[in-house]
Amino acid sequence: MTLPLIAILRGITPPEAAAVAGILIDCGITTIEVPLNSPDPYASIAAMAQAHSDKAVIGAGTVLTIEQVDRVADAGGTLIVSPNCDRSVIAHTKARGLQSWPGIFTPSEAFAALGAGADGLKLFPGNMAGPDGLAAM
């Protein structure tokens, strides 16, 4: 069984990354994000991808630039999560064959992201929209 969740491993370090990813996968969480403001995030992504890419979608969050997309892809990541809706980042992510989950807050941003090729959407910041805002969207 897999759960439709993205685990966010904020602050994870490379020595613990593969083991933590393995535990999450064993629990049914097979989509894993390492925020780029974590210690040495590309090394953590590489360690997890090397150990578990056949069982999980592994990538980065807080991705803001095309260069960061390339570094995630080069580390073996296949998931890009952004806090914003940047069409160039979405397009480059898709051109590299990765999943794109940009941040959106309005219906206009949601449609723009989907139009640019996004695979999914991240309501961000979700606490500002709340359940009523999400339901209205």
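Colleague: Where is Thr62 found?

Modeller: Thr62 is in the loop between β3 (57-61) and α3 (66-74). Keep in mind that this is a predicted model.

Colleague: What is phi of Thr62 near?

Modeller: Phi of Thr62 is near 60 degrees, a positive value in a residue other than glycine. Most residues other than glycine have a negative phi.

Colleague: And what is the relative accessible area of Thr62?

Modeller: Thr62 has 31%, so it counts as partly exposed.

Colleague: Next one. What about phi of Asp40?

Modeller: Phi of Asp40 is positive too, near 45 degrees. Asp40 sits in the loop between β2 (31-35) and α2 (41-52).

Colleague: How is Asp40 classed, buried or partly exposed?

Modeller: Asp40 is partly exposed, with a relative accessible area of 48%.

Colleague: Now peptide bonds. Which is it from Phe124 to Pro125, cis or trans?

Modeller: The Phe124 to Pro125 bond is cis, with omega near -10 degrees. Most peptide bonds are trans.

Colleague: Where is Pro125 found?

Modeller: Pro125 is in the loop between β7 (122-123) and α6 (126-136).

Colleague: What about Cys27, buried or exposed?

Modeller: Cys27 is exposed, with a relative accessible area of 52%. Cys85 is partly exposed, at 22%. Buried means under 20%, so Cys85 is not classed as buried.

Terms used:
Residues are numbered from 1 along each chain as its sequence is written. This is a predicted model: local features need pLDDT of at least 70, side-chain atom pairs count only at pLDDT 80 or more; totals for chains, interfaces and linings use all residues. Side-chain values use heavy atoms; hydrogens and water are left out. Buried means under 20% relative accessible area, exposed over 50%, partly exposed in between (1.4 Å probe, protein chains only). Helices (H or I, at least four residues) and strands (E, at least two) are DSSP runs, numbered from the N terminus.
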